[in-house]
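User: I would like to learn how to read the features of a protein model. Please take them one at a time.

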Amino acid sequence: MSKSIEELKSLTTQIRRDILRMVHAVNSGHPGGSLGCTEYFTALYGKVMNYKFPFTMEGKNEDLFFLSNGHISPVFYSTLARFDFFPVAELGTFRKLGTRLQGHPTTHDGLPGIRVASGSLGQGLSVAIGAALGKKLDGDDSLVYVLQGDGELQEGQNWEAFMYAAAKKVDNIIATIDYNGRQIDGDTDDVLDLGNLHAKMEAFGWTVLNEKNGNDLEAVIAILERAKAETGKGKPVCILLHTEMGHGVDFMMGTHAWHGKAPSNEQLDTAFKQLYLEAPADY
C-alpha cells in the first residue's frame, strides 16, 4: 500500500533511529552520511522506484538501484527492512559475526535488495551503466538508479564512467551525487576540490539537475520525478543532491567528525530525544 507523505516523513525519523541504534550497538559504522541520505532512500523506495517482490538478482522489468558509496550501508539496510525486503529484527545483526548485514553490502549471503558488493569506492556507476545497457539489450524500459558520494568522485574510474555513459547515450540511468561537501578527512573543498561540479557534468554530456534541499522529503521526491522525465532523451541524467551529513542530530551536523564514528550511550539518548516518535517501532 502506498504511504502518504506524512507517513514517509515519520519513516525517515524511524530510519534515522535505526541507523544510530545499529552503529551504537557494535561501536562501528558510518552514521554521518547515512543520516544525510535518509530522505533520498525514503523517496526512492517509498514513492519513485518501481520494484517487485520477491526480490530477484536479475530484476527484469523493474527499476534497479545500486549503492556506490557502500559505507553508508546502515541507511540502505534500514530502508530495505522498513520496506519489507527482510525482517526488521535482522537489523540487530549489523556488523556482527555471521551476519548478512556486513559493514559494506555484500551479495554472497543473498540479502534481498543488494545487487552488488560495494564500498570499494568509485565502482558503482560503472556497474549501474552495465545494468542499464543490459536493460536496453533486453528491451526493458525500466530505469537504473545509482547513488554516489561527492568525495568518492575524487577517484578516476567515475570520470571514465561519466564519459562512457554520455558517449553511448545511456539515457535510462539516473545518477545521484550526495553533495554534502564532507568526507572522512574533512571538507571536500580542502581535501581535493571538485570545482564546479555542475559545469563539469554538463561538459561530460549529462543532463544535470540541482536540488539544494536534499533533506526535504517532498523536494527529493520532486527532483527524482523530474529526473525520470528527463530519461529517454539521449543523455544520462545526474542529480546533484545537497544534503547535510548527520542531518537530524544537531551535534552530528556541520562537521565530518561523524563520518565513521559511533555515538556513546549518552549521545544516543540525546539523539533519540531529537528523533522523537510518538510510537517508535524500534527493533
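User: Which residues of α1 meet α10?

Analyst: In α1, R17, L20, R21 and H24 meet N265, L268, A271 and F272 of α10. Contact here means heavy atoms within 4.5 Å. Helices (H or I, at least four residues) and strands (E, at least two) are DSSP runs, numbered from the N terminus. The model is predicted: local features need pLDDT of at least 70 and side-chain atom pairs count only at pLDDT 80 or more, while totals for chains, interfaces and linings use all residues. Residues are numbered from 1 along each chain as its sequence is written, and side-chain values use heavy atoms, with hydrogens and water left out.

User: How is such a pair of helices described, and at what angle do α1 and α10 pack?

Analyst: Two packed helices are described by the angle between their axes and the distance between the axes. Axes are lines fitted to C-alpha atoms, for helices over the stretch in contact, and angles run from 0 to 180 degrees between N-to-C directions. Helix α1 (residues 5-26) packs with helix α10 (residues 265-274) at about 175 degrees, and their axes are 11 Å apart. α1 is therefore roughly antiparallel to α10 (angles under 35 degrees count as roughly parallel, over 145 as roughly antiparallel, 65 to 115 as roughly perpendicular and the rest as oblique). The contact of α1 with α10 has four nonpolar, two polar and two charged residues. Ala, Val, Leu, Ile, Met, Phe, Trp, Tyr, Cys and Pro count as nonpolar, Asp, Glu, Lys and Arg as charged, and the others, Gly among them, as polar.

User: What is the order of the strands in the sheet?

Analyst: Two strands pair if DSSP finds at least two bridges between them. The order is β1-β2-β3-β7-β6, in an open sheet of five strands with parallel pairing. β1 (64-67) and β6 (207-211) are the edge strands, each pairing on one side only. On average, neighbouring strands of this sheet are turned by 20 degrees against each other, direction ignored. β6 runs parallel to β7 (residues 237-241), and five bridges join them. T207 has V237 in β7 as its bridge partner.

User: Which strands does α3 lie across?

Analyst: Helix α3 (residues 38-48) lies across β1, β2 (144-149), β3 (173-178) and β7, at about 175 degrees to β2. Helix α5 (residues 124-138) also packs on the sheet, where α5 touches β1, β2 and β3 and makes about 170 degrees with the direction of β2.

User: How do I read a pocket or a cavity?

Analyst: On a 1 Å grid over the protein atoms alone, a cavity is a set of points where a 1.4 Å probe fits but cannot get out; a pocket is an open set with protein on both sides within 12 Å along at least five of seven lines, and lining residues have an atom within 4 Å of a point. Grid points are joined across faces, edges and corners, and a volume is the space filled by probe spheres set on the points. The largest pocket has a volume of about 280 Å³. It is lined by 18 residues, and H71, L121, E152, Q183 and H259 are the closest to its centre. There are two cavities of 30 Å³ or more, and the largest cavity holds about 60 Å³.

User: Where is P54 found?

Analyst: Most residues other than glycine have a negative phi, and most peptide bonds are trans. P54 is in the loop between α3 and β1, and the peptide bond from F53 to P54 is cis, with omega near -5 degrees. D84, which is not a glycine, has a positive phi of about 75 degrees.
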